[in-house]
Amino acid sequence: MNQKLAAPAQASRNLILGALILLVGLGFGQVKAEEVIVLGHAEITEAYDPAHAFNPTSGMVNRVAYDTLVTFPDADASSIEPLLAESWSISDDGLVYTFHLRDDATFTNGDPLTAQDVVFSFNRLKHVRAQPSFLTDPIASIDALDERTVAITVTGPRPSFLAELANTAFSVTNASVVGANGGTDAEDAAETDTAQAYLNQTSAGTGAYVLQGWEPQDRTVLVRNPDYWGEQPFFDRVIIVNIPEAATQRVALVSGNIDLATDLTPDQVVALEGNDDIGIYLGPGRWTHFLLMNRDPGVGGPVSDPLVARAVRYALDYEGYRELWAGSVTPGSNMWIGLAGAYGQDEAMQRDLELARELLAEAGYPDGFEITLQYPDMTWAGVSTSTNAQKIQADLAEVGIAVRLLPGEVQVALEGYRSGEQGFAYWFWGPDKLDPVDFLEFLPGGKVAGERARWTEDGVDQSVMELIAQANEETDPDARMEIFAQLQDFAQEHSAFAPFNVPAVQTAFRAEIEGYVWHPQWGLDLALLSRAQ
Amino acid sequence: MPLYRYILRRVLFSIPLVLGITVVAFLIANAVPADPINANLPQSALNNEQLVAAFREKWGLDQPLHVQYFTYLGNLLRGDMGVSIRTGKPVLEDIRQFLPATMELATSAIVVGLLLGIGFGIVSAVWRSSPVDYLVRVFALIGVSFPVFLLALIGLSVLHAQLGWVAGPGRLSFLVTRPPEVTGLYTIDSLLAGQWSTLRDAASHLVLPSLVLGLYVSGIIARITRSSLLEVLNTDYIRTARAKGQLEVYIVLRHGLSNALIPVVTLLGVLYGNLLAGAVLTEAIFAWPGIGRYAYRAATSQDFPAIMGVSMLIALIYVIANFVVDLLYFLIDPRIRYS
């Protein structure tokens, strides 16, 4: 009897104890503080709507707020990886790309991802006729074959198409949500689509984070998407604060106001070495600095002579630029150093002053000549063009070329560059698409070569033009490597350009921040970051 | 002359002034030999003629200059400043967003500048040629001649990062959310919402930038106050007051300062206008999302509507500031009333 009575009493005691443990457990569970990371960043964007945004800041944010069909590896552009498309095939004629979507991806509101969302997003990108709309130029049509299959027909063979699809402009948005907020993919979207304001404040994607708000020039806030189909990111909340001045970013980082500074200059990063509270990342960036030598004798004067151009390439002190900019590398050509098949520092030009002088003599300038170097007066990604220009001046003086420096206001200089009116100029270039074909811009038939340097197909060996034509069509990776190797050899001999340095990307963060990797497409993948406990 | 006629006359004078400014601003913005296409479309988009043509048409760049100007002027008269090429939003909306940050900073900076400047000016004038006077004059010289951006950086590195005495960059700590928007001035808005911790945070973030800008302002004001007060203190009526045995403090503050401040008031309009329009570097260093940054980015991206909008705004600020100054004259200087 007593036992029987005792049993319920025991049971209720256990129950109370259990509840207490549970409560305490829950309590502890809730005690776990929200993980927040604060980024100091010089904001460069006017929009977060993927169809309008085409800037570094929007690339970084949309990388985690949305997903694309395919993507690159975390650290480089060496291959194409699946993302929302788990597999794809290319028709034999290279015109039709068929993508099979994964079946577990959902939008942040719970809607499943469908082929119609892809069709809507890409058509909207095309028809709003905004900054990134040109990316859809190669697309002839997009069709949803079924709920999970999308076929994209391109207007002609386009080996770079998959790499182009990895651009965050091709983010897949939720068609019904965007449609309900004024979005349309109709042909008159440029006039009728009104979803930009909505998509600047929140995201409608399948990404690891959701855009929670944007106060332009002030801050952008992202919160973790708890239902993300992929791996959950570490941070619950990401606050990106706009700190335009690198010096202020440094102060904020050192004093612990921010966890990561995206825009420090090389000398600031060097100065932070040895600070135990700070971690540093240093790796080759995406900008190739080069000299342009106009092939039009009326514009370029002596440098229009291919022999002189070659002499200039031999006269530059490549090692000196590497010493000038910590972590920088010498490119083997105007093909961006991070692309599959690009010549790296090992295959790059070596300084040879003797050869340079011989070439100048052969071209009829044994005593050199005088020339004006035009360049935009600016500091870009921490590299001062004036510093480089002075070094160019000093390098070329050694072979008798007297360079007069003519710095210009950026927009004004750009005007001269784009109209092909600069004879001898210093510029830099980052690839628009992370595919080897980007290099073709710098070869006869390409826009930079033709319009900026007036280096046209006239007088270029037919076999070279055939090689360029092949490069524009070949999709087989191995065959492409071979073609681009030959084209880079050709450029080292005959080019109207002298690429001389790829400065480093440098980032500093609080020492406990882990997982930082710089990527040429989206800059920083916020979902890869974590904090050491 | 009665006050209303005085005001009316000043308003009428302002109209051709503002009109003239539209012409000058428009011509300068268009005289830059750069094409907004280059600044606003990515390199590869320039290949797409359709995109380029659509861009020109959308922003009216395909029209002759005088047509562009009169279209602009017509819209302006209807209160429409156009849409920013860069942000895609009405310029007026952009200005409304960025101006409060600058106003908050400029106002607190001018208060700091006035308090310090007048204080130092009085001390310096009363103890003329004493060590205190020399100290103040050196201080004023530094305030006027020291580059503001450098002072800002030193302030941030020393007072914030090393000593931790003042708050760092930004209008609020990065983890603090902004108060509900009423005026756009965070101090006022947080006060209205009763968010005391936000108010404290916003105010503490104002300290350093206000000090830096205020120091510059105070240097100028101290010099003017000093020389003006010295002049006044040598006049007959001050001597009379002294002869009457009045307290020196009373003489300086009541009889001396009230007259000595007239040139300071003149200066105030210009200084406040300067602070509102010219704090680009300070705003950049303190990560202060104000109108200076907006103007800088508009200029570098050839965003004509925004450049025009900011030019008009700055012009208006000067016109209004000077108008207010003239009104103050009217009130404090009886000679104007009777002229």
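What follows takes confidence, domains and a helix pair in turn.

A: This is a predicted model, where local features need pLDDT of at least 70, side-chain atom pairs count only at pLDDT 80 or more, and totals for chains, interfaces and linings use all residues. Residues are numbered from 1 along each chain as its sequence is written, with chains lettered from A and ligands numbered from 1 in the order in which they are written.

Q: What is the mean pLDDT of chain A?

A: pLDDT is the predictor's confidence in each residue, from 0 to 100. For chain A the mean is 91, and 94% of residues reach 70 or more.

Q: Where does pLDDT stay under 50?

A: Where pLDDT is low, the predicted coordinates should not be read in detail. In chain A, residues 1-8 stay under 50 and have zero contacts beyond four places in sequence. Contact means C-beta atoms, placed from the backbone, within 7 Å. Residues 22-30 of chain A are also below 50.

Q: Which domains does chain A have?

A: Bounds come from an automatic or database domain assignment. Chain A has domain 1 (8-65 + 194-264 + 506-531), domain 2 (70-187) and domain 3 (288-502). The centres of domains 2 and 3 of chain A, over C-alpha atoms, are 35 Å apart. There, 11 residues of domain 2 contact 11 residues of domain 3.

Q: How do I read a helix pair?

A: Two packed helices are described by the angle between their axes and the distance between the axes. Helices are DSSP runs (H or I, at least four residues), numbered from the N terminus. Axes are lines fitted to C-alpha atoms over the stretch in contact, with angles from 0 to 180 degrees between N-to-C directions. Helix α8 (residues 246-254) of chain A and helix α7 (residues 148-162) of chain B have axes that come within 10 Å and cross at roughly 5 degrees. Therefore α8(A) is roughly parallel to α7(B) (angles under 35 degrees).

Methods:
Two residues are in contact if their C-beta atoms, placed from the backbone, lie within 7 Å. Helices (H or I, at least four residues) and strands (E, at least two) are DSSP runs, numbered from the N terminus. Angles under 35 degrees count as roughly parallel, over 145 as roughly antiparallel, 65 to 115 as roughly perpendicular and the rest as oblique.
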